[in-house]
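Good morning, and thank you for coming. Please look at the structure on the screen while I speak about the meeting of two chains.

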Amino acid sequence: MEIRVDISSCTGCSLCKNVCMYDAIEIKGKKAIINENCVFCGACIDICKFKSIEITGLSEAHKDFLQYKGVMVFIEQQSGSIADVSYELLSEGRKLADSLGCQLYGILPGHDLSLSYPEIFSYGTDRLYVIDNEIFENNLDDIYAKALVQVIHKYKPDIFLAGATGFGRTLIPKVAAIIKTGLTADCTALAIDPEKKILLQTRPTFGGNVLATIITRNSRPQMATVRPHVMEKRPVVEGKPSKEGVDGKVEYIELDVSNFKTKYKLISTEKETGQSINLTDYDVIVSGGRGMGGPDNFSLLKELADALGGVVGASRAAVDSNWISYPHQVGQTGKTVNPKIYIACGISGAIQHLAGMQTSDIIIAINKDPDATIFKVANYGIIGDLFDIIPKLIKRIKSGKNVL
Amino acid sequence: MIKIKIIVCIKQVPGTTEIKINPETNTLIREGVETVINPFDTYAIEEGVRLKERLMANPETGQEVEVIAVTMGPQQSESILREAISLGVDRAVLLSDRAFAGADTWATALTLQNAIKKFDDWRLIILGKQTLDGDTGQVGPELAQMFNIPFVGYASNIIEINRSRMIIKRLMDDRYETFEVKLPAAISVGKEINIPRVPSLRGKLKAKNEQIPVWNKDELGLDDEKIGLSGSFTQVVKIFIPKAVYEVKMITGSPDEQAAELYGKLKELNTL
Ligand SMILES: Cc1cc2nc3c(=O)[nH]c(=O)nc-3n(C[C@H](O)[C@H](O)[C@H](O)COP(=O)(O)OP(=O)(O)OC[C@H]3O[C@@H](n4cnc5c(N)ncnc54)[C@H](O)[C@@H]3O)c2cc1C
Ligand SMILES: Nc1ncnc2c1ncn2[C@@H]1O[C@H](COP(=O)(O)O)[C@@H](O)[C@H]1O
């Protein structure tokens, strides 16, 4: 396998050199030369106007995957409550299943969960497989991995989706490693290639600066984890289907769990103190940075967040100053979030911060520096002192008036 | 005496700060050529060195500990191995072969596995929680699965450790979990676990003089179809720039007017 530049059509225009993130291209004598730093990411192939670059010698997938059918979604639950991202994935899975003309399956491992079934069917699930066993109680990933592997071997789905939650991101790579198939992490868009009928998995990389579309070349199922809050929850059935209406669609799987030994001994679980915070659970995030000036002022943000039904986030500068705890940090070394509304208060907009929030639907920035980078990614910007504006905003929200 | 080995997996990545987008052509412009140790991997290095110090100071374990840094990458990634040595790592190995290029997380994990297999008596593999460029966090759990050893991701504190087991705390989305696991094991770490030190003068000297062995695919006994892009299950078929940057709408006026207009916007957006 190699990457080649067609010398006759290459003009040495440097487009490829500029797009390459690995310094793998040099221009010598008006021709592009690709060196050993190349990682075959394909960015140069895409950008070249003269179609001069190609990867050759890569064996085409010849395997026959006809026995793999259907879209399967891993339904993640914690103490019986189902993660929102699972519903989002069922909605997305329905769309994919429709374009493939196949069935949508849910797989739900857990213990004593019957109450949560009906809602699963409002998103168009054709069939729900349930494995009810007490071994799932502590959410240990190696136990889950063994179970999912058996399920995948038995039902052979063509596509397998899971939420890119903390749990999903540790569990699913193990499953993929055992099955020996490809896995694409943290997808933000999924689609079916109309001709090849394969899954196109799109994900941000380089801190959200670039999107890459990835395919699973020569193995099945095509597995992907998907970021919470990216896909839309779209119920296809009005209200919750009745218990009777779904009974025929639920299948209990009996697994031989006698050899399901775990390698973990769970000693304790503590909720993060204060509010339980999983930033990605919220539609509104109100974040504060160094401009907050100190820990006490974060109560102002908390008040605003509460009024909006949201949660407080923070820049690293605020976390590093111990004004707020690390689980609140947004950014490259914190959480990646994409809420409906992100309000950045006293945050300058360093690239590492933007990496964690620039895919939010609506970004509102409040900063006293008109040149702050945060305004470059914001939909709405307010130049001013946050201590002037936020209290006034809270007042208005509380009184419900926007007339002066 | 038996030496305990701790393996630290690190990767050289392009520093993100240098990526800019040319608004006219909507293409990436890289400014400068700087590459860095993947930021999370610096915590992996530090944790490896701290564990060594801890284990050696403990009379009960009283063992000799060696910290080894491993990276798979082009020749130029040798520089991050030297940096790791300056930070206290004992020695380093570079896995480099043209045929490794284009590896997805699976092929990366497999290559790392075959390298680590060559060491005996390793008890712990430490990885960063994710890379800047790959950004998947998959290499750790996949590697652990290949060895069939426990993997604790997002570790925030190693509470207790000896030759055969450890007690370790990790941060899941909204909770901390504390586990006891047997060694060998693999963990991934982020900034919560420690504050990396700066290189010492002695370290810098050692780093300068150290011979860093390079292992290619033959040394690892890996065929072409197992490694690099050929050995990968996934393949990038397209790289592109996200939606064009939109115009920001400025909300102006007195603080009162600004607050009022923002309130109106929030109402429009249905958050109230
Ligand atoms: C490897 C690496 C990883 C990193 N990861 C992250 C990460 O995950 N998340 C992250 O956030 N950062 C991260 N950083 C740090 C990042 O580079 C910035 O240092 C940090 O985001 C700055 O935080 P800030 O915007 O709060 O502070 P500053 O940059 O100091 O900005 C403060 C802003 O507040 C404004 N301000 C001050 N007072 C007021 C007021 N009264 N009213 C209105 N505005 C006011 C100022 O104008 C200024 O723009 C990382 C850095 C590195 C090197
Ligand atoms: N090429 C590589 N060489 C050594 N370690 C790597 C390599 N790629 C990834 N890793 C390790 O795996 C972690 C997770 O990487 P990733 O799955 O790419 O996000 C990194 O933080 C490194 O510790």
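Let me begin with terms: two strands pair if DSSP finds at least two bridges between them. Strands (E, at least two residues) and helices (H or I, at least four residues) are DSSP runs, numbered from the N terminus. The model is predicted, so to speak of local features we need pLDDT of at least 70, side-chain atom pairs count only at pLDDT 80 or more, and totals for chains, interfaces and linings use all residues. Residues are numbered from 1 along each chain as its sequence is written, chains are lettered from A and ligands numbered from 1 in the order in which they are written, and side-chain values use heavy atoms, with hydrogens and water left out.

Which strands pair between the chains? Strand 17 of chain A (residues 264-271) pairs with strand 11 of chain B (residues 175-182) in the antiparallel sense, over seven bridges. In this arrangement, E270(A) stands opposite Y176(B).

Next, the contact, meaning heavy atoms within 4.5 Å. Chain A contributes 112 residues and chain B 90 residues. Buried area is the accessible area (1.4 Å probe) that two parts lose on being put together, summed over both. Here it is about 9,300 Å², and carbon and sulfur atoms give 59% of it. In chain A, K263(A), Y326(A) and Y380(A) lose the most area to chain B, together 7% of what that side buries.

Finally, a salt bridge is a side-chain nitrogen of Lys or Arg within 4 Å of a carboxyl oxygen of Asp or Glu. The rule finds four across this interface. D320(A) and K191(B) meet in a salt bridge at 2.9 Å, N to O.
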